Amino acid sequence: MAPLRIASIGSSFAAGPSIPPCVDKAARRSGANFACLVSQRLGAQLTDLTVSGATLLNLTTDPQDCDGHVFPPQIQGLPADADVVFVLGGGNDIGYIGGMFEDTMQGSWLGALVMHVRGTGGAPLATAPLDVAGLAARYAGVLDAVHEKAPSAQVLVVEYLTMLGTHTRPGKDVSFSKERVEHHKAVCGRLLEATAKAVEGREAWCHVVPAGAASEDHAIGAPDPWVSGFSWKLFYAGGAYHPRAEGMKAVAELIYKKMVELDIVKEGEL
């Protein structure tokens, strides 16, 4: 039997910046992100096109310039004969993680200076207001483009891991206030709502992997965190406010369970 053909497109929460081993420095892509872990578990053939900092437009229409290295729209590299496609995105379109960096760095003169020089660590700020309907429509356009390019593929839409959850303490685990924590939680809520809406009407070939709810108790400040908080070391490595290796393993397990549920693979299959 031929190996399963898996492709992965998306932003940093799929690419895995700062998680060793780094397999593409310009893309800040890890060889231990969830697509790699699932593919290794199944002995699948993987095409990993993920790039940290990507917006949904970078997945389908717009090239992405990463410090002088220009990546074409990710869909251009998507194999037409893919069996499964993982998609993760939307956060950078509404400045989700970039907004958390902005709040963190503006809280000190050093942070404000670094942000002036280096920006928000590669996580874009929102450039134009996008409501839930607008983000959902943009995301749906990506899903339709994937289906057109790889019509036989099952598309698994992977939610972002929760950053600010049940254990996160404002002013302690994160530097910003309770009001700003609630603001960022609301941004995350809009992202999850738009993600769900994008899949509506496409359920025959498109399915959500519910990483958001599964990670509420594994957010910043949790005893068993799946994501990293902020430190200068992590900021320069690209891993602040991003999934940890433990988070990638957890998401890989959620994806595997979804693939079993959809009968793409059998339980225990290697």
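Author: What follows is a short walk through strands, a helix, a loop residue and some backbone angles in this predicted model.

Reader: Which strands are joined to β8, and do they run parallel or antiparallel to it?

Author: Strand β7 (residues 84–88) is joined to β8 by 4 bridges, and the two run parallel. On its other pairing, β8 is linked by 4 bridges to strand β9 (residues 206–209), again in parallel.

Reader: How should I think about the side chains of a strand, and how many residues of β8 are buried?

Author: In a regular strand, side chains alternate between the two faces of the sheet. In strand β8 (residues 154–158), 4 of the 5 residues are buried, so the strand is largely enclosed by the rest of the structure.

Reader: What can the span of helix α10 be compared with?

Author: A helix can be set against the span expected at 1.5 Å a residue, and α10 (residues 245–261), with 17 residues, reaches 24 Å from its first C-alpha to its last, close to the expected 24 Å. Its buried residues include Gly247, Ala250, Ile255 and Met259. After α10 comes aspartate 263, with a positive phi near 65°.

Reader: Is histidine 218 buried or exposed, and what is it in contact with?

Author: Histidine 218 is found in the loop between α8 (211–214) and α9 (232–237). With a relative accessible area of 16%, histidine 218 is buried, because that value is under the 20% cut-off. Leaving aside neighbours within four places in sequence, histidine 218 is in contact with Asp224, Pro225, Trp226 and Val227.

Reader: Where should I look for backbone angles that deserve attention?

Author: Most residues other than glycine have a negative phi, and most peptide bonds are trans. Serine 18, in the loop between α1 and β2, has a positive phi near 80°, and at 39% relative accessibility this serine counts as partly exposed. Aspartate 67, found in the loop between β5 (64–66) and β6 (69–71), has a positive phi of about 55° and counts as exposed at 87% relative accessibility.

Reader: Which residues are joined by a cis peptide bond?

Author: Proline 20 and proline 21 are joined by a cis peptide bond, with omega about 0°, and proline 21 lies in the loop between α1 (12–15) and β2 (22–24).

Key
Residues numbered from 1 in each chain as written. Predicted model: local features only at pLDDT ≥ 70, side-chain atom pairs only at ≥ 80, totals over all residues. Heavy atoms only, no water. Buried < 20%, exposed > 50% of the residue type's maximum accessible area, 1.4 Å probe, protein only. Contact = heavy atoms within 4.5 Å. Expected span 1.5 Å × (residues − 1). Pairing = 2+ DSSP bridges.
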